[in-house]
Amino acid sequence: MLIFVAVAPLIGLVVFWLLPGRSNLLVLSAFFGTCLLGLLVAVLPLGRDAPAALGLRPVGWRPIVFGVVGTTVLSFAVSQTGLQPEGVRQVTEGIQRTSEILKTLAVLAVLAPLAEELVFRGLLYGWLAGRWSNLVAFVLSSLAFAAAHTEPVHILLVLPLGFWFGWLRWRTGSLVPTIVAHVVNNSIAVAGAAFLGGS
């Protein structure tokens with residue numbers, strides 16, 4: 001974990017310095033790509049033990065389906081608050097204006113959830129659980145996930161999902177259900193924004 005904290009910002013500085021443009025999608029791609037690269041550097045010393053350390057363990061289909069259904073219900077409930085963070089509004093407007101929906105899906109529905117799950121429920125959760133307990137890992141990784149969204153309204157909206165994903169990680173001992181649920185959730189959100197923009 002400490003290697004990731006030291007290496008990721010350095011990689012990020014280089015990547016952002018080399019960026020040819022500053023579109024929202026490009027910046028997000030660079031950010032999440034940097035997270036994955038920093039993660040790779042951090043777990044490289046673990047060798048073949050790296051996947052297990054990140055929680056990448058096989059799991060049956062039931063926890064995956066349960067995770068997807070629970071995430072969908074929770075996301076719908078949270079969306080009923082009517083709150084929309086400024087950052088989400090800008091990204092949504094970008095989706096509605098773009099004809100490159102596949103690129104948007106690749107970044108927001110695949111790259112972002114993968115990076116977030118590997119960093120928060122994989123690396124951070126594993127590091128905290130190894131030093132303290134699963135309970136500490138569950139609480140702190142969930143709070144860190146929410147805090148990483150920076151905007152107060154966004155933090156408030158993703159906090160329930162952070163605890164849900166954390167609980168899934170704790171209960172199943174695997175990162176697979178949270179990755180799948182997160183990808184499906186973001187895919188629905190991106191597709192919904194694109195559809196509303198085209199209607």
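Residues are numbered from 1 along each chain as its sequence is written, and side-chain values use heavy atoms, with hydrogens and water left out. Because the model is predicted, local features need pLDDT of at least 70 and side-chain atom pairs count only at pLDDT 80 or more, whereas totals for chains, interfaces and linings use all residues.

Helices are DSSP runs of H or I with at least four residues, numbered from the N terminus. Helix α6 covers residues 101-131, and its end C-alpha atoms are 42 Å apart; this agrees with the 45 Å that its 31 residues should span at 1.5 Å a residue. The expected span is 1.5 Å times one less than the number of residues. At tyrosine 125, α6 bends by about 35 degrees; the bend is the angle between axes fitted to the seven residues ending at a residue and the seven starting there.

Helix α6 also holds both glutamate 117 and arginine 121, which are four residues apart, about one turn of the helix. These two residues form a salt bridge in which the closest N and O atoms are 2.7 Å apart. A salt bridge is defined here as a side-chain nitrogen of Lys or Arg within 4 Å of a carboxyl oxygen of Asp or Glu. A search of the whole structure finds one salt bridge. Both glutamate 117 and arginine 121 are buried, where buried means under 20% relative accessible area, exposed over 50%, and partly exposed in between (1.4 Å probe, protein chains only).

Arginine 121 also lies over the face of phenylalanine 145, at 4.3 Å from the ring centre. The criterion is that NZ of Lys or CZ of Arg is within 6 Å of the ring centre and within 35 degrees of the ring normal. Phe145 is one of the buried residues of α7, together with Ala137, Phe138, Ser141, Ser142 and Ala146. They lie on the same side of α7, because they cover an arc of only 145 degrees around the axis, taken from the directions from the helix axis to the C-beta atoms. Helix α7 has 14 residues (134-147) and reaches 20 Å from its first C-alpha to its last, close to the expected 20 Å.

In the loop between α7 and α8 is threonine 150. Its phi is positive, about 55 degrees, although threonine 150 is not a glycine. This residue is exposed, at 62% relative accessibility.

The structure holds nine aromatic pairs. Rings of Phe, Tyr and Trp (its six-membered ring) pair if their centres lie within 6.5 Å; planes under 30 degrees apart count as stacked, over 60 as edge-to-face and the rest as tilted. Tryptophan 127 and tryptophan 132 form an edge-to-face pair, 6.1 Å centre to centre with 80 degrees between the planes. Tryptophan 127 is partly exposed at 25% relative accessible area, and tryptophan 132 is exposed at 56%. The pair of tryptophan 164 and tryptophan 167 is stacked, since the ring centres are 5.7 Å apart and the planes are at 20 degrees. Both residues lie in helix α8 (residues 152-172), three residues apart. Tryptophan 164 is buried at 18% relative accessibility, while tryptophan 167 is partly exposed at 33%. Ring pairs link these two residues and Phe66 into a cluster.

Note on methods: Helix = DSSP H or I, 4+ residues; strand = E, 2+ residues; numbered from the N terminus.
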